Amino acid sequence: MSPPQASPLPMDPARLVRAVFVSRPNRFIVAAQGPDGAVVEAHMPNPGRLRELLLPGARLLLAPPPPETPGRRPTVVAVMRGKRPVLLHTQWNNRVARWLLDRRLVPGWGDQEVVRAEVPVGGSRFDFLLRGPQGEMLVEVKSCTLFGGNCAMFPDAVTERGRRHLEELAELARTGRRCAVLFLVHDAEVSWFSPDYHTDPAFSETLCAVREQVQVIPLALSWNARMELDTSRIQELPVPWGHVAREQGDRGAYWLILRLDRPKAVDTGALGTLAFPAGHWVYVGSAMRGLRARMARHLRRGKTRHWHADYLRDAADGAEVLALRSADRRECEIARALDGVLTPGPKGFGCGDCACETHLFFSREHPLDRPEVHRILERFRMTVPDGAE
Ligand SMILES: [Zn+2]
């Protein structure tokens with residue numbers, strides 16, 4: 001019998017180097033401060049946004065470059081979330097999948113053996129071909145590192161490639177092939193797995209549409225601080241399909257995050273000219289139909305000014321928008337939650353139709369660099385209600 005704790009990594013975890021996250025200049029690079037105090041650049045082998053994990057001061061685990069290429073950058077392997085590491089290395093995620101498959105540790109797949117990895121089919125490549133008593137099965141593996149509330153979600157950034165993979169698997173399934181998608185969820189403290197319909201509604205809708213043809217297995221993995229897996233705690237997570245179908249529509253609330261590089265006096269229309277300090281302004285709005293179009297409209301400059309936020313948008317040096325989709329109107333509840341964490345902005349801003357003091361909030365640093373702001377996002381985006389199915 002295998003020991004319950006074992007490391008599936010392709011390197012002795014004791015050789016990983018500790019570092020502190022400083023910044024992420026682009027998707028593929030992070031700056032990190034090593035044990036000697038020097039800031040080094042490290043390769044980031046994960047294209048996700050990872051905003052809730054890569055907070056200032058986050059602790060990283062880096063793989064040093066191989067001895068034969070000492071000039072190369074180290075590679076980020078994991079980030080600590082509290083006491084537990086979250087595996088970020090997407091190629092190693094597939095090594096972990098292979099390790100689990102070879103040891104027959106995926107529930108329900110105890111009679112499947114790996115025939116091949118990296119299987120070309122048509123113009124695509126799938127991760128594994130398995131063979132069991134019922135024949136062969138194609139498996140695509142995804143790495144899930146976004147969790148909060150009581151739920152794990154995938155993806156944390158729009159993945160058109162991931163969506164296309166699902167459609168290709170469904171197409172193959174219609175020609176009689178068995179197909180599955182295996183999500184490795186790198187946290188065991190969640191009760192549910194859901195497609196992230198806030199960030200990538202197209203992926204979410206596709207996953208819901210193909211689930212009769214393609215087996216969907218979200219597997220929660222329990223890592224310890226030494227980057228070993230507790231093999232007795234590998235667990236398949238349920239997906240609240242009914243809840244997802246209800247919530248994933250083109251409606252709900254949004255945060256418009258506007259950046260002012262300098263303090264500015266801004267004409268806000270009905271509220272007159274107001275002084276705005278430099279920093280980040282978060283406007284909470286909602287659209288109970290046409291949310292996507294509303295969010296796109298907010299990002300455009302120079303449009304006909306209709307809302308207070310349109311005036312501030314034109315004055316802002318940068319703008320981004322996040323969806324908090326839901327079937328029910330939760331805009332004011334979300335504004336009240338932000339009120340406890342950020343500084344309330346001008347009275348009456350963006351709340352002509354409700355009893356709130358304001359729907360605009362201020363933060364000197366980027367709000368998504370603040371863990372307490374992520375707790376609010378988790379509460380409104382990632383909490384599956386009791387009794388969901
Ligand atoms: Zn309100």
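The contact between them takes twelve residues from domain 1 and eleven residues from domain 2; two residues are in contact if their C-beta atoms, placed from the backbone, lie within 7 Å. On the side of domain 1 that touches domain 2, eight residues are nonpolar, two polar and two charged (nonpolar: Ala, Val, Leu, Ile, Met, Phe, Trp, Tyr, Cys and Pro; charged: Asp, Glu, Lys and Arg; polar: the others, Gly among them).

The model is predicted: local features need pLDDT of at least 70, side-chain atom pairs count only at pLDDT 80 or more, and totals for chains, interfaces and linings use all residues. Residues are numbered from 1 along each chain as its sequence is written.

Next, select 151-154, which is strand β12 (strands are DSSP runs of E, at least two residues, and helices of H or I, at least four, numbered from the N terminus). β12 pairs with β11 in the antiparallel sense over three bridges; pairing requires that DSSP finds at least two bridges between two strands. Leucine 146 stands opposite methionine 153 in β12.

Finally, go to glutamate 378 in helix α8, residues 371-381. Glutamate 378 is partly exposed because 18 other C-beta atoms lie within 10 Å (20 or more would be buried, 12 or fewer exposed; C-beta atoms are placed from the backbone). Beyond its neighbours within four places in sequence, glutamate 378 contacts Gly148, Gly149 and Thr383.
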